[in-house]
Amino acid sequence: MTSIRRTTTVLRAFWQLNWLEELQYRGNFIASLLGTVFWLLMAILTAALYFQHTSKLGGWEFWDVVVLLGIFNALAGVVETVLRPGIGHLPADVRSGALDLVLVRPVDAQFYVSFRRLDVWRLADVVLGLALAGYAFARTGRAIGAWELITFVVTFAVAIAVVYAIWVTLMSLAFWFVAVENMAALFDALFEAARYPVSAYPGALRFLFVYLIPIAWTTTIPASALTGRLRPALALWALAVGIAALGASRLLWRVALKRYTSAGG
Amino acid sequence: MRSAFLIDLQYRASIAIWLIWGITEPVISLGIWWSIAATGAVGGFTREAFAQYFFGVALVNQATLSWDAWNIDRWIREGEMNYRLTRPIAPIHEAIADNVAYKGPTAAIVLTAWIVAAAFWPAVRIPFEPARWALAIVAIVLAAAIRFLNGYATGLLAFWTTRATALVELQFGISLFLSGRIAPLSLLPPPVAHAAEYLWFPYVLSFPVQVLTGTVTTAAEYTRGFAGQVIWLGIWLMLYLLVWSRGRRHYGAVGG
């Protein structure tokens, strides 16, 4: 227990430093906010274009898809705030040997590497995404029930766990292939597919997104929960997937770390 | 150019990732349109037509990618521009060599993937017409030149501002629609599609793709397309020359 407390103390200190550092760059906040709004607009226009030619996308109506886009943006915000500046730096640390400095610290290395930085300005993306999801939800004309809200919160947490596990998996590859520095771009590419409900894709792609690259669990499931399409059985499955994802990321980290021999060899 | 190619060779894994990155976008668009067209043609596009169109988008996009703005941004920010300015030839020559060395092989990979896919999937087979394919190659080369100069000239704005790459991203966002990236131009609302014709966007992607997949048929359409490409190539060449000469002086003026 003391080790967990120690880790959280260390992290809190780091985040405070981060926060002070980031406060110096308020211009970046405006720029990143404008960027987010612009890309949200493009995403909504894209969906609107599809809906010019169809009334439903994989059984989802326009505002349902916008709810999903909002959730997508919130998750992307989590990625930008925590994952990219944290575990996204792992390949560089492995290559340069900077990971040594992490491993000798008396804190859990995976925890530390994952949550060492907090790009606070990007939290605005999370807020903006959730706000859009909320607005679009209101436009669907549905009333929110306790079941929808609870399953949404749970499945959104599952989504974060799945995204985190995907990042750990991709970044851990750095322990085997040192030359791979643009793994993050691979995530960006694959995550693009999560902009739409998986049911909008043809069978082969759907299979890929549910089982092989599990991005179906990241946006489709929370959006289903909010718009009342999530069957209770699937909610339980989502919970299992989330726990399995966290477990797998832990296991992979242990296996990968055994391969680490520092930069000096 | 040879050295640029050899440098690329060292980063095969990275290049594979950039390739996947370039291909997912057209694959996602195709997936969505494929589902929408399940019940019949959409605006004249059948499922097969969508498949051919987006395979074309993937290929043309790979052959015309533009990333130089990010390089220039780094060159200027980290002072790498300085030694490049002391060389007897302008850095754009190095950038052109980089571009040819990268796009040639990677576009060939996409093309190979297309041929393999066509062997199993008749939907993506395009008719064998050597004359039109030759025209398509010309259109793709012109498109690559326009997009390169466009990205390079915009990137050079980094002499004045630290947010030149944001301008490139802004153009990219607009090109999603106006270049025909997420949908063939004819599926856009007519006023938008019409407005696009007065900009360079359709000529860097939509036009070459249409030539390649055989949806450009009349001589008038060919003439208009190629004329548009040549005009925009000229405009971006002039803009590049202007920004380069002004920017260099501005750079020197602030002491480098």
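**Figure 1. Where chain B meets chain A.** In this predicted model, 27 residues of chain B are in contact with 30 residues of chain A; two residues are in contact if their C-beta atoms, placed from the backbone, lie within 7 Å. On the side of chain B that touches chain A, the elements giving two or more residues are α2 (12-36) and α8 (164-178) of chain B. With 14 residues, α2(B) gives the most to that side. By class, the side of chain B that touches chain A holds 19 nonpolar, six polar and two charged residues. Here Ala, Val, Leu, Ile, Met, Phe, Trp, Tyr, Cys and Pro count as nonpolar, Asp, Glu, Lys and Arg as charged, and the others, Gly among them, as polar.

Some notes for finding your way: residues are numbered from 1 along each chain as its sequence is written, while chains are lettered from A and ligands numbered from 1 in the order in which they are written. As the model is predicted, local features need pLDDT of at least 70 and side-chain atom pairs count only at pLDDT 80 or more, whereas totals for chains, interfaces and linings use all residues.

**Figure 2. Helices α3 and α11 of chain B cross.** The axes of α3(B) (residues 47-64) and α11(B) (residues 206-213) come within 9 Å and cross at roughly 125°; axes are lines fitted to C-alpha atoms, for helices over the stretch in contact, and angles run from 0 to 180 degrees between N-to-C directions. That angle makes α3(B) oblique to α11(B) (angles under 35 degrees count as roughly parallel, over 145 as roughly antiparallel, 65 to 115 as roughly perpendicular and the rest as oblique). From α3(B), the contact takes B:Q52, B:Y53, B:G56, B:V57 and B:V60, and from α11(B) it takes B:P208, B:V209, B:L212 and B:T213.

Figure 3. Among contacts in chain B between residues at least 6 apart in sequence, 76% join residues at least 24 apart.

**Figure 4. Chain A, also built of helices.** Twelve helices and zero strands are found in chain A. The C-alpha trace of chain A spans about 60 × 40 × 35 Å along its principal axes. Residues 24 or more positions apart account for 83% of the chain A contacts with a separation of 6 or more.

Technical notes:
Helices (H or I, at least four residues) and strands (E, at least two) are DSSP runs, numbered from the N terminus.
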